[in-house]
Amino acid sequence: MTEKALRLGTRRSRLAMAQSGQVADAVSRVTGRPVELVEITTYGDVSREALAQIGGTGVFVTALRDALLRGEVDFAVHSLKDLPTTQPEELALAAVPVREDPRDVIVARDALKFTDLPRGARIGTGAPRRMAQLNAYARAHGLDITTVPIRGNVDTRIRYVRDGELDAVVLAAAGLNRIGRIEEVTDFLSVDTVLPAPGQGALAAECTADNADLVAALGELDDPFTRAAVTAERSLLAALEAGCSAPVGALADLLADGQSVKEMRLRGVVGTTDGSRTVQLSTTGPVPQTHEQALALGRELATEMLAQGAAGLMGERAH
């Protein structure tokens, strides 16, 4: 007798379906059970308001979590950068698989690079974080750009460029990789230019904390280095008391010496969306071996950033 299929709750967007499908295949391999996708519409999918207006934090997540708690699905897959930083006790973040490319990318007209865009170029992005850093870079390097707030899925955003409404849009490399459209990228933004959102490029598989068998099975997909990195990044975000729509960028990466990984570096940035003021700092320490150590790395950097005036640059502090 074949075992009952596991029900995986996912958002309906093409990107969410693609990344959930990839996790579903991996879970099937690990458990030997079929996995079926259950499509769930979230508030973030139906609201036309700008993400910064509807709060950003949790708008894509709440409906999936409610379905988990009601027992309508067995587990859910999220883009980690959409998850609020506080984890509900009744739910377990059972797996953070190996991270995709965390960088931001540009899709521009005429295959242009960011630095080759014409004066007055209009660049679309829905993220205050991207606006802050692109504008700061432009100010520092004498570029003349205008950032334009946009929403919508990948198709919608790229269409703004194809239709000539915008000169370029900024997207996440990971998303384009997952839907097989990475060849449309005209420029990869170095993390020295734009630090990604905390957790960008990583996925999270979540189930109810009392489902020990499923927690253990999903745990087979967990990548300890990715988990340590995103835990440090999200700890920084939480300590800055910022939601996921705040202009905060963070990236933890591993510093290797030859073959062996020696240390983890955490970089963080916060800035005003016009790019006129930013606080950007980094810290380096031993690779965290425990959840607590990863949290401490993030808190430590946040404390230094707050001491340099980070709080005043975020506009509304998240509550």
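Guide: We will take the labels one by one and set each value against its rule. Keep in mind that this is a predicted model.

Visitor: What makes up the chain in terms of helices and strands?

Guide: The chain has ten helices and 13 strands. Of its 319 residues, 53% count as buried.

Visitor: How do you know that the radius of gyration agrees with a compact globule?

Guide: Set the two values side by side. A compact globule of 319 residues would have a radius near 20 Å, and the chain has 19 Å, so the two agree. The C-alpha trace spans about 65 × 45 × 45 Å along its principal axes.

Visitor: Why is the pair of Phe-114 and Tyr-137 called tilted?

Guide: A search of the whole structure finds one aromatic pair. Phe-114 and Tyr-137 form it, at 5.6 Å centre to centre and 45° between the planes. Ring centres must lie within 6.5 Å to pair; planes under 30 degrees apart count as stacked and over 60 as edge-to-face, so the rest are tilted. The angle of 45° belongs to that rest, so this pair is tilted. Phe-114 sits in the loop between strands S5 and S6, and Tyr-137 in helix H5, 23 residues apart.

Visitor: Why does Tyr-137 count as buried?

Guide: Buried means under 20% relative accessible area. Tyr-137 has 19%, so it counts as buried. Phe-114 is buried too, with 2%.

Visitor: What makes the contact of Arg-130 and Asp-104 a salt bridge?

Guide: The rule asks for a side-chain nitrogen of Lys or Arg within 4 Å of a carboxyl oxygen of Asp or Glu. Here N to O is 2.7 Å, so the contact qualifies. The pair links helix H5 with strand S5, 26 residues apart. Arg-130 is buried at 5%, and Asp-104 is buried at 0%.

Visitor: Which label does Asp-192 get, buried or exposed?

Guide: Exposed means over 50%. Asp-192 has a relative accessible area of 61%, so it is exposed. Its salt-bridge partner is Arg-267, with the closest N and O atoms 2.9 Å apart. Arg-267 lies in strand S12 and Asp-192 in the loop between S9 and S10, 75 residues apart. Arg-267 is buried, at 10%.

Visitor: Why is Arg-103 called partly exposed?

Guide: Under 20% is buried, over 50% is exposed, and partly exposed lies in between. Arg-103 has 29%, so it falls in between. Its side chain meets that of Asp-101 in a salt bridge, 2.8 Å from N to O. The structure holds 20 salt bridges.

Visitor: Why do S7 and S9 stand at the edges of their sheet?

Guide: Five strands form an open sheet in the order S7-S6-S8-S5-S9, with mixed pairing. S7 and S9 each have a single partner strand, so one side of each is left without a neighbour in the sheet.

Visitor: How do you know that S5 and S9 count as paired?

Guide: Two strands pair if there are at least two bridges between them. S5 and S9 share two bridges, in the antiparallel sense, so they pair. Val-105 has Phe-188 in S9 as its bridge partner. S6 and S7 run parallel, joined by five bridges. Gly-124 has Val-148 in S7 as its partner.

Key:
Residues numbered from 1 in each chain as written. Predicted model: local features only at pLDDT ≥ 70, side-chain atom pairs only at ≥ 80, totals over all residues. Heavy atoms only, no water. Phe/Tyr/Trp six-rings, centres within 6.5 Å; stacked < 30°, edge-to-face > 60°. Helix = DSSP H or I, 4+ residues; strand = E, 2+ residues; numbered from the N terminus. Buried < 20%, exposed > 50% of the residue type's maximum accessible area, 1.4 Å probe, protein only. Rg over C-alpha atoms; globule rule 2.2 N^0.38 Å.
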